[in-house]
Amino acid sequence: MTVKAYKRTLVTSALPYANGPLHLGHLAGVYVPSDIYVRYLRQRDRDVISICGSDEHGVPITLKARKEGISPQEVVDRYHAINKKAFEDFGISFDIYSRTSNQVHHETASEIFKTLYDKGVFIEKTSEQYYDEEAATFLADRYITGTCPHCGNPCAYGDQCEQCGTSLSPTDLVNPVSTISGSKPILKETKHWYLPLDKYEPWLKEWILEEHKEWKPNVYGQCKSWLDQGLHPRAVSRDLDWGIPVPIEGADGKVLYVWFDAPIGYISATKELTPDWEKYWKDEETRMIHFIGKDNIVFHCIVFPTILKAEGSYILPENVPANEFLNLENDKISTSRNWAVWLHEYLEDFPGKQDVLRYVLCANAPESKDNDFTWKDFQNRNNNELVAVLGNFINRALVLTHKYFEGKVPEITTLTEQDKATLAEILTIAQGVEESLEHFRFREAIKRGMDLARLGNKYLADTEPWKVIKTDPDRVKTILNISLQISANLTLLLDPFLPYSMEKLRGFLRFEGTSWDLIGSESLLAPGHSIEKASLLFEKIEDEQIQLQLDKLNRTKEENEEPVVASPQKEEITFDDFTRMDLRTGTILEAEKVPKTKKLIKMLVDLGFEKRTIVSGIAEYYEPDVLPGKKVSVLANLAPRKIKGIESQGMILLSENPDGSLHFVEPSESAVNGSEIN
RNA sequence: GGCGAGGUAGCUCAGGUGGUUAGAGCGCAUGAUUCAUAAUCAUGAGGUCGGGAGUUCAAGUCUCCCUCUCGCUACCA
């Protein structure tokens with residue numbers, strides 16, 4: 001592997017989807033690390049740009065719009081505004097925060113599609129999809145509801161049943177209904193374009209598995225998993241009226257699939273930012289870094305690079321430092337369950353405390369595995385680290401300087417060996433931070449950065465200026481000069497992590513330097529230079545504030561535990577309809593797990609008049625060895641179906657709780673095998 | 001079931017190519033100290049490195065089996 005010398009860096013951060021506000025998971029996984037990285041490079045005076053924006057297409061946005069009776073544009077306008085402002089208020093320093101619904105992006109995505117189309121990259125395929133004749137439109141999976149074939153939930157979507165969690169395809173649904181017109185959709189042929197990922201598989205294997213072994217284990221492993229399983233062509237278009245129209249003849253009513261256009265948003269945003277955009281996207285001397293969460297690995301490591309490669313003139317990402325997920329108080333963050341800490345709410349509840357959250361999310365970032373955010377930990381890190389270590393050191397240095405030298409930086413008289421060692425340590429620490437940042441190890445970086453404040457505290461404890469002042473005031477001059485030089489160095493070293501606080505600290509010190517190259521200097525503050533009276537850099541966070549946040553989450557939990565609204569009753573049927581079902585009492589004779597499956601159990605059931613083999617997905621709730629002898633209710637005249645190669649002759653009735661757990665509908669002991677259930 | 005990532009001190013995590021008494025921060029205990037937001041500094045206690053077997057002179061680090069967590073995937077009549 002050759003180490004390339006790069007002239008510039010292009011940093012992209014995953015485009016947040018504009019159908020909801022930002023939460024801590026987004027920040028910890030993507031935006032805090034990318035912002036630290038970008039601020040660091042800027043401070044080093046490197047040529048770097050940071051790109052982000054709202055991802056505004058796709059079906060979920062149209063659904064949200066429909067639900068609220070507004071247009072998709074209004075939905076994305078709302079969340080784009082909220083999120084853009086939240087990022088700004090939080091100090092995420094994108095060079096541009098654009099959006100995919102704007103003109104530049106439409107043009108850029110269209111051009112790239114067109115180029116690939118003209119090159120003959122795509123495969124065209126015709127398939128049958130549901131079509132709403134009344135609304136004269138094809139229906140996206142999410143626009144179709146029907147009865148889930150698995151659990152009978154009458155409100156299942158065309159792509160997933162939210163009750164049992166099964167992923168579905170629209171044609172699986174029983175009694176499909178269009179959510180647009182309420183009519184019954186028909187199957188109609190439609191043409192789509194596919195990106196043949198399979199053809200690029202050999203190249204991807206070489207590029208990732210051979211040339212990028214340095215990628216993080218979670219990223220590399222995920223890619224390997226996909227590549228080993230074999231790639232398949234992926235549709236790049238959809239029948240939908242919200243998005244970027246497919247820019248070719250005869251593609252009316254079709255738009256680019258959102259995952260195709262979203263990453264191109266990075267390119268569009270760069271175009272919008274600078275006329276020099278090609279230098280960032282097409283020059284081999286540019287290093288492109290994608291900051292993303294683990295859910296985006298396949299798109300940024302496999303799909304998007306394939307698009308860029310197929311297009312031919314673009315560079316590929318040099319690294320994709322994807323993070324894992326952040327949990328909240330021991331539970332997965334979930335927008336639909338409102339289990340989250342929303343950024344805009346945090347900013348209201350903790351005004352002026354952006355850096356505290358930046359610090360906690362960085363120090364506890366889910367870099368190698370899923371991590372947990374707890375409010376207690378948030379409080380502890382603020383009180384025991386930011387306040388006690390960093391804030392306290394600054395306070396000590398400033399207070400002592402005012403107490404003994406009227407707020408003027410004293411001069412160095414004589415340097416002891418300890419002084420020299422302490423000053424030398426500054427640079428060593430800085431090099432450690434650099435090393436960590438260059439390798440995207442942000443939690444290690446921030447910890448190493450804090451070591452400089454620890455060094456300051458130790459230095460003061462060792463030299464004891466409050467004692468020495470009585471016997472040797474000249475010595476104290478040197479001690480405080482060094483303490484203040486450490487403080488000034490801290491403003492430089494921690495600026496990428498804690499920009500607000502370091503700005504404040506520069507104010508305290510009346511220090512204006514910002515360049516990373518100054519770090520290690522022993523004369524950032526000249527003797528005689530006046531500094532401001534000390535005020536606090538960080539404040540303690542009291543238990544009450546934390547309790548308030550915990551109460552908020554508890555309320556959410558209680559709301560979530562309220563009984564689920566019973567699914568609406570299905571449409572009325574006649575007695576004849578009912579009598580068509582042949583329900584029987586039976587007894588399980590034998591049961592065994594179906595090999596190589598997680599849920600399936602194969603049973604032999606005695607129905608009195610005959611014995612049936614029935615396969616059922618209950619292995620997560622019943623062990624096979626407890627089943628023989630159990631009385632069950634069986635739908636006997638259900639058409640047989642092959643499951644995992646075994647013919648299942650009937651269905652065992654099960655009741656399902658809201659949590660998905662299954663329970664047999666058990667006839668009483670006195671019921672005889674084969675007796676009819678009416 | 002398949003694939004991937006994880007399971008290391010009370011908590012959150014480090015531990016290239018196997019090699020002296022397994023590390024850090026926080027928490028805890030003891031001592032020092034008072035300039036400082038009861039902050040700081042020092043010292044210490046705490047781990048059979050998920051479990052088992054194997055390779056090796058030597059394994060947290062390699063191999064196999066098992067187990068738990070997370071993700072993708074198959075499967076649920």
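In what order do the four strands of the open sheet lie, and is the pairing parallel or antiparallel? The order is β5-β4-β9-β10, and the pairing is antiparallel. The model shown in these views is predicted, so local features need pLDDT of at least 70 and side-chain atom pairs count only at pLDDT 80 or more, while totals for chains, interfaces and linings use all residues. Residues are numbered from 1 along each chain as its sequence is written, chains are lettered from A and ligands numbered from 1 in the order in which they are written, and side-chain values use heavy atoms, with hydrogens and water left out.

View 1. Strands here are DSSP runs of E with at least two residues, helices are runs of H or I with at least four, and both are numbered from the N terminus. Two strands pair if DSSP finds at least two bridges between them. Strand β9 (residues 186-195) is joined to β10 by two bridges, and the two run antiparallel. Leu195 stands opposite Arg234 in β10.

**View 2. An open sheet of three strands.** The order is β16-β15-β17, and the pairing is mixed. At the edges are β16 (331-332) and β17 (371-373), each pairing on one side only. Two bridges link strand β15 (residues 326-328) with β16 in the antiparallel sense. Leu328 has Asp331 in β16 as its bridge partner.

**View 3. The hairpin of β19 and β20.** Six bridges pair strand β19 (residues 601-606) with β20 in the antiparallel sense. Lys602 is opposite Val615 in β20. Four residues lie between the two strands of the hairpin, and Gly608 in the turn has a positive phi of about 85°.

**View 4. The crossing of helices α5 and α9.** The axes of α5 (residues 197-210) and α9 (residues 297-311) come within 10 Å and cross at roughly 105°. Axes are lines fitted to C-alpha atoms, for helices over the stretch in contact, and angles run from 0 to 180 degrees between N-to-C directions. The two helices are therefore roughly perpendicular to each other (65 to 115 degrees; under 35 counts as roughly parallel, over 145 as roughly antiparallel and the rest as oblique). Residues making the contact (heavy atoms within 4.5 Å) include Trp203 and Trp207 of α5 and Ile302 and Pro305 of α9. By class, this contact has 11 nonpolar, one polar and one charged residues. Ala, Val, Leu, Ile, Met, Phe, Trp, Tyr, Cys and Pro count as nonpolar, Asp, Glu, Lys and Arg as charged, and the others, Gly among them, as polar.

View 5. A phosphate oxygen of RNA strand B is 3.3 Å from a side-chain N or O atom of Arg454.

**View 6. Asp582 and its surroundings.** Asp582 lies in the loop between α19 (575-579) and β18 (583-593). Leaving out residues up to four places away in sequence, Asp582 touches Val634, Leu635, Ala636 and Asn637.

Key: A polar contact is a pair of N or O atoms within 3.5 Å; within protein, one must be able to donate a hydrogen and the other to accept it, and residues adjacent in sequence count only if both atoms are side-chain atoms.
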